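Q: I'd like to learn how to read a model like this one, starting with its pockets. Can we put it up and go through it together?

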Amino acid sequence: CAAAAAKGAALLLATGRKQDRVRVKLPGGQQLMVPLVQNEPLAGGAMAVVVKDGGDDPDSTHGLSIVAKVWWKPGTGIEVTGGPGVGLVTKPGLPVPPGEPAINPVPRRMILENVAEVLGDAGALVEISVPGGEAAAKKTMNPQLGITGGISILGTTGIVEPMSEERFKASLVGRVKQVKALGFSTIVMVPGRAGAKTAVERFAVPEDMVAQVSNFVGSMLEAAAAEGFQSILLLGHIGKLVKVAGGSFHTHNRVSDGRLETMAAWLGVLGAPPGFLREILGQPTTDGAVALIKSRGYEEVFSLLAGAGERKCRRYLRDAAVQVGIVLTGSQGELLGLGPAASMIGREIQWQIP
């Protein structure tokens, strides 16, 4: 969309003729006709607009206007910059260095190549902006990645493809790599935004150290180990992380469950009577089970579950040279239990973990 808008603006600037669609060359060599919803002259330049079509996939940028403005500038060469609604990179570890607009290398190359088809090596400035981009960015991972003020111009093929699990994992691994690039030897992995908020606000974990893993606990553990982290802390709601204690490393409810069964098994280790175990297994939620456990004085089980999860993680990583700790929290982010490794990690780096 950005490349098409930029080419449309360049064509109007160079020829004086408005376009209703432009032919865009994609990275794989294919060509695609893209409609322009607006193409107008500017003082000393021209502009064009393409509306983003995200297809059927969830896409925070679907329906946004991608605006390109092109002006002549002295000298030779085409320069690409970001305008309002395009984010600014503020942290290292991303494909774009800090201080630059969040226009990734492939989209930037597409813009440059398509504009150069029209303007050659003439001097030109191309500005990409996205009205509404700052609001849309709040629904993306940009705030966590340190991209401020708008969305990112992303892409590898120029074509929207159905969202796959592997692509989602790849986006999460990017954050793991960034935490490492920021200089941390420990990473705090959380299931989602609620866990990230808990880590920062309740446990005083530096925000730059936190990475969301969604349901892909196993894959993200492997990614962190491959990056060379010395220690990993899994911190999050017991409803998600108790599954790790049961040996599940993909925590989506359609893939794995066993939450109450795992809790009941470890309550049995503590000598809980069969009637109480049946009550636990009959709870509709883990929060209900947590309340019942507290009311009967079996809180010790939470640390046992965290420790069991730590041992499962060590086996999952085949005893790799990385320490994995687990912190289990309740529905309000309160500490329920932590394993021995988590306690050690907390002491070493002086987080507010009791």
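A: Let's begin with what a pocket is: on a 1 Å grid over the protein atoms alone, it is an open set of points where a 1.4 Å probe fits, with protein on both sides within 12 Å along at least five of seven lines, and lining residues have an atom within 4 Å of a point. Rolling a probe the size of a water molecule over the atoms shows where empty space is left. Here, the second largest pocket is lined by 13 residues, and Gln144, Arg193, Ala196, Glu207 and Gln212 lie nearest its centre. The elements giving two or more residues to that lining are α4 (142-145), α6 (193-203) and β13 (210-212). Before we go on, remember that this is a predicted model: local features need pLDDT of at least 70 and side-chain atom pairs count only at pLDDT 80 or more, while totals for chains, interfaces and linings use all residues. Residues are numbered from 1 along each chain as its sequence is written, and side-chain values use heavy atoms, with hydrogens and water left out.

Q: Which element gives the most to the lining of the second largest pocket?
A: That's α6, with five residues. Helices (H or I, at least four residues) and strands (E, at least two) are DSSP runs, numbered from the N terminus. The protein has 13 helices and 16 strands.

Q: What is the volume of the second largest pocket, and how do its lining residues divide?
A: A volume is the space filled by probe spheres set on the grid points, which are joined across faces, edges and corners. For the second largest pocket that comes to about 240 Å³. Its lining has five nonpolar, three polar and five charged residues. Ala, Val, Leu, Ile, Met, Phe, Trp, Tyr, Cys and Pro count as nonpolar, Asp, Glu, Lys and Arg as charged, and the others, Gly among them, as polar.

Q: How many residues of α1 are buried?
A: Buried means under 20% relative accessible area, with a 1.4 Å probe and protein chains only. By that rule α1 is mostly covered, with 12 of its 14 residues buried. Among them are Ala2, Lys7, Gly8 and Leu13. Across the protein, buried residues make up 47% of the 354 residues.

Q: What should helix α1 span?
A: The expected span is 1.5 Å times one less than the number of residues. For the 14 residues of α1 (residues 2-15) this should be 20 Å, and the end C-alpha atoms are 20 Å apart, which agrees. Just after α1, Gly16 takes a positive phi of about 80°.

Q: Now the sheets. In what order do the strands of the open sheet with β13 run?
A: Two strands pair if DSSP finds at least two bridges between them. The order is β13-β12-β14-β15-β16, with mixed pairing. β13 and β16 (335-338) stand at the edges with a single partner each, so one side of each has no neighbour in the sheet. Inside this sheet, β12 (residues 186-190) and β14 (residues 231-237) run parallel, joined by four bridges, and Val188 stands opposite Leu233.

Note on methods
Buried < 20%, exposed > 50% of the residue type's maximum accessible area, 1.4 Å probe, protein only.
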